[in-house]
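Have a look at the sequence and the structure, then read on.

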Amino acid sequence: PQCHSTARRSPSTQKHKERTDCTRSARPLNIEPFSPSSVFLDRRLQTTIFDRHQQVAAMTPTQKAMQTLLGASALTPAMRFVSNSRRAVNPTVFEEVRTDLLSAYLRRTPSCTNAVNLLADRGARVHNDHVALRSFVDSRGASGLQFLQHLFVGFGYAPQEGIVIPSMPVNAVWLEPPEETQWPKVFISELRVDEMPSEASAIVYKYVDGYYDDAVIDHAAASGDARALVDILETPPWSVTSSDEQSLRALGKQHPALASATEYAAWTLTHAHRWNHATVLVNTLGLQDVDSIAKLNALLRKHEYVFNPAGGADGVTQGSREKHLEQSSTVADEIHVTFACGTERTVRCSFLELIERHEGFRGFLGQNAKGIFQSTWATN
């Protein structure tokens, strides 16, 4: 898939566009005499099951993963570690938004698509625990976090406590979906650009200043325009040049203490507010041989997955059972990008996260998040 960077003006001057064999058990003939109609029903059922198997076999990997993530039986709020009694607002519109965003994410993230299908083939119940989005605080103090949060709160999501990211100029918050839905949690972060060196902040500000305006979201939500809402999240609203993206990463190499912030900035200027990652919740898989994050890590490594080496006792797992949260993540998949200047390059985009929750813990840990951010580093 291609990730074209399309130039846009501030929303105040430009509209946001678009969107078995099932044979009966053997029975004694003296109990159930032969019935032509019952034989017909058996054959019809066999044909139906065969057709379904054929349909699954004909699906693309993305379609199969979509069916697994969207079509599975409902989980209780406790099983999903969710507590939000708010009613869902305009759920039909949000389901369309979620479906389109999931499809776009899976098409550019084969690591997730293949992992979901691998687990589904083993009989797992795969649930997307959360998705993550990145943004900026612009030179006027306009908050990308508040802008994105506004979108989700409008559908019934409940904001939770803020997350402190150690040694990074980043604000973060997570939102809980309504209990009555099967929607994922949402983790939103924003880079405090004014705390970066002037050469870095100047690059970011010239693209993002003037974009964050809640009226853009309000207009799309009020009209029930799911396509416009998808466009806000999936399509970059600014157009970065290759040289500016590389300049930010070069600053991080020259000053290692800045690397976390400059890598965050370079990624977000390139990909904006699209899903940074989706997350497999280990707790709901229901597989005896994959009943911990360590075993899921091992399974995916056996299938040649490359993990983000950000730390932890095993080198890849953030957090611990004692902290009630364990997380790991793959190195982000690469996609082809056409920058504003016309330069075409392959860059890292989205990735897959794995998460195991303990003792009813519903939230997130800042230290874990800092490690997970490194999945998109160009140096990985």
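The points below cover confidence in the model and then its cavities.

This is a predicted model, and its chain has an average pLDDT of 88.

**Confidence**
- A pLDDT of at least 70 is reached by 85% of the residues.
- Residues 1-41 have a pLDDT below 50, yet this stretch makes 63 contacts in the model beyond near neighbours in sequence.

**The largest cavity**
- Its lining is made up of 16 residues.
- Nearest the centre of this cavity lie Phe 187, His 277, Ala 369, Ile 372 and Phe 373.
- Three elements, β2 (128-133), β6 (185-192) and α13 (366-373), each contribute at least two lining residues.
- The largest share of this lining, 4 residues, belongs to α13.
- Sorted by class, the lining has 8 nonpolar, 6 polar and 2 charged residues.

**The second largest cavity**
- Around this space sit Phe 94, Val 97, Arg 98, Leu 101, Val 131, Phe 152, Tyr 157, Pro 184, Val 186 and Trp 275.
- Helix α4 (residues 91-108) gives the most to this lining, supplying 4 residues.
- By class, the lining has 9 nonpolar residues, no polar ones and 1 charged residue.
- Which residue in this lining is charged? Arg 98 is the charged one.

Conventions: Residues numbered from 1 in each chain as written. Predicted model: local features only at pLDDT ≥ 70, side-chain atom pairs only at ≥ 80, totals over all residues. Heavy atoms only, no water. pLDDT = per-residue confidence, 0-100. Contact = heavy atoms within 4.5 Å. 1 Å grid on protein atoms, 1.4 Å probe; cavity = no way out; pocket = protein on both sides within 12 Å on 5 of 7 lines; lining within 4 Å.
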